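Here is my note on the model, point by point. Please keep the structure open while you read.

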Amino acid sequence: MINKKMKDTFSSSASEKAPEIAQDKAAKGVDQSQAQEESELTANDEQTDLSDAQNSLASEQEKLNKKEMKKKAIADYCKKTDESFKKFRWGKSGCENYHWNFVRTSVKGDPLVWKTYGTKAPEGETTETTLIMCGVHGDEITPIKFCYDVLEYLEEVTKGKLKDPHTGKIASLDGKRVIVAPLVNPDSYFKKRPTRTNARGVDVNRNFPTKDFKKSAMKSWVNRYGKDKRRYPGVKAMSEPETVFQVNLIYRYQPNKIISVHAPLTMLDYDGPASEHMGGFVGSRANQLLIRMSEQAKGYRIKNYPFFTGSLGNYAGNERNIPTFTLELPSSNPAKSQAYWLLFKDSIHSAVMHEIKGEGFVALDREDTTYKDTRSN
Ligand SMILES: [Zn+2]
């Protein structure tokens, strides 16, 4: 039998306890190392020893139960994922074949899953870490399939089955780490009619704890968006588990770059250190990748879209100098998913292989490597 404590661990109300801690500290401007410790704490809370010394047997039982609960949560989640894939005529998702990580759940209790690939670089060398997230807005359908295509691609690379389109050599993830969170906002995606906002009506991409949140979030929601319900930031930064999930992935893995996939604005947007003189080395490398990704996708439009109070681009790119690329696919039409993946497959490959700080970077197609800022269009 599952006792109450066990149930609480998996109910959404329990999963919100950790966010509250993270939220308050983030609001006070907690430094990174502290925040990392705390994220390790929350990230490992599935492993937390619930027992005391006198009760280790009961504790073993609880651990077993917890494992079973997690297994069931994943099985249910994958079943729903497969149903949605069927609905959109995408074939099988393969969800149940992946070994997912998950710590917290969505507002409605679905696991917020991620998967990691690659191997760490040897001591003293930089591990290039790329975080890829999809499905932040549940009504943007194509990005979710896109992330499952990314997962399949990474499986191929891991098995040594993929040739680098440029060098012709077998691609490898040695010294690279890739983290994929294919569905950040399951509650809104799994609805009969998917919505942008999460189960509590919050736009998860306006709920990040940016410095201006307290001052501007509500104000800009009223003045800039005319109280548009689709862009409601929430009463407090990080009030939503789907936001905490993303923030903790950033603290836990310290990515060198982030790729967030949306639709349908048909552009590639970059937030982070500026190119050339202003941005120094990281900025140059990031902008080089930006151009490369566009070149490999038939000259996909690069646009300098503004960032917003509470958005990922502001939080990670602007405030933390983590190069953050927002790939806006051309539409949410599920029938187009295959075409989008084919269009961007090489761009994603470049994004994974391109090192922002290390030695290995993907060269531009053309001779000119001055990384001119072409973002003014
Ligand atoms: Zn979006």
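1. Start with His99. His99 counts as exposed because 7 C-beta neighbours lie inside 10 Å. The cut-offs, with C-beta atoms placed from the backbone, are these: 20 or more other C-beta atoms within 10 Å make a residue buried, 12 or fewer make it exposed, and anything in between is partly exposed. His99 sits in the loop between helix H5 (56-87) and E1. Helices (H or I, at least four residues) and strands (E, at least two) are DSSP runs, numbered from the N terminus. From His99 to Lys115 is 16 residues in sequence and 7.1 Å in space, C-alpha to C-alpha.

2. What kind of model is this? It is predicted; local features need pLDDT of at least 70, side-chain atom pairs count only at pLDDT 80 or more, and totals for chains, interfaces and linings use all residues. Residues are numbered from 1 along each chain as its sequence is written.

3. Check the confidence. pLDDT is the predictor's confidence in each residue, from 0 to 100. The chain average is 85, and 81% of the residues score at least 70. Residues 1-50 stay under 50, and the model has 65 contacts for them beyond four places in sequence. Residues 367-377 are also below 50, with 16 contacts beyond near neighbours in sequence. A contact here means two C-beta atoms, placed from the backbone, within 7 Å. Where pLDDT is low, the predicted coordinates should not be read in detail.

4. Now the overall build. The chain has 12 helices and 7 strands. Of its 377 residues, 44% are buried. Among contacts between residues at least 6 apart in sequence, 78% join residues at least 24 apart.

5. The sheet is open. Its 7 strands run in the order E1-E2-E4-E3-E5-E7-E6, with mixed pairing. Strands count as paired if DSSP finds at least two bridges between them. E1 and strand E6 (267-271) are at the edges with a single partner strand each, so one side of each has no neighbour in the sheet. The twist averages 20° from one strand to the next.

6. Look at E2 (residues 111-118). This strand is largely enclosed by the rest of the structure, because 6 of its 8 residues are buried. Strand E1 (residues 101-105) pairs with E2 in the antiparallel sense over 3 bridges. Asn101 faces Trp114 in E2. The hairpin of E1 and E2 has 5 residues between the strands, and Gly109 there takes a positive phi near 100°. With strand E4 (residues 176-181), E2 also pairs in the antiparallel sense, over 4 bridges. Lys115 stands opposite Val180 in E4.

7. Next, E3 (residues 128-134) and E5 (residues 257-262). These strands run parallel and are joined by 5 bridges. Ile132 stands opposite Ile259 in E5. H6 packs on the sheet and touches E2, E3, E4 and E5; its direction makes about 145° with that of E3. H9 (residues 241-253) packs on the sheet too, touching E1, E2, E3 and E4, at about 170° to the direction of E3. Axes are lines fitted to C-alpha atoms, for helices over the stretch in contact, and angles run from 0 to 180 degrees between N-to-C directions.

8. Is it covered or uncovered? H9 is mostly covered, with 13 of its 13 residues buried. Gln254 follows H9 and has a positive phi, near 45°.

9. On to the core. A nonpolar core is a set of buried Ala, Val, Leu, Ile, Met, Phe, Trp, Tyr and Cys residues joined through C-beta atoms within 7 Å. The largest one has 70 residues; those with the most contacts inside it include Ile132, Val150 and Val180. Helix H6 (residues 142-158) gives the most to this core, 9 residues. Not counting residues up to four places away in sequence, Val150 touches Ile132, Val180 and Ile348.

10. Finally, the backbone exceptions. Most residues other than glycine have a negative phi, and most peptide bonds are trans. A cis peptide bond joins Ala263 and Pro264, with omega about 5°. Pro264 is in the loop between E5 and E6. Lys227, not a glycine, has a positive phi of about 55°. Lys227 counts as exposed, because 10 C-beta neighbours lie inside 10 Å. Asn321, also not a glycine, has a positive phi of about 55°. Asn321 is partly exposed, with 16 other C-beta atoms within 10 Å.
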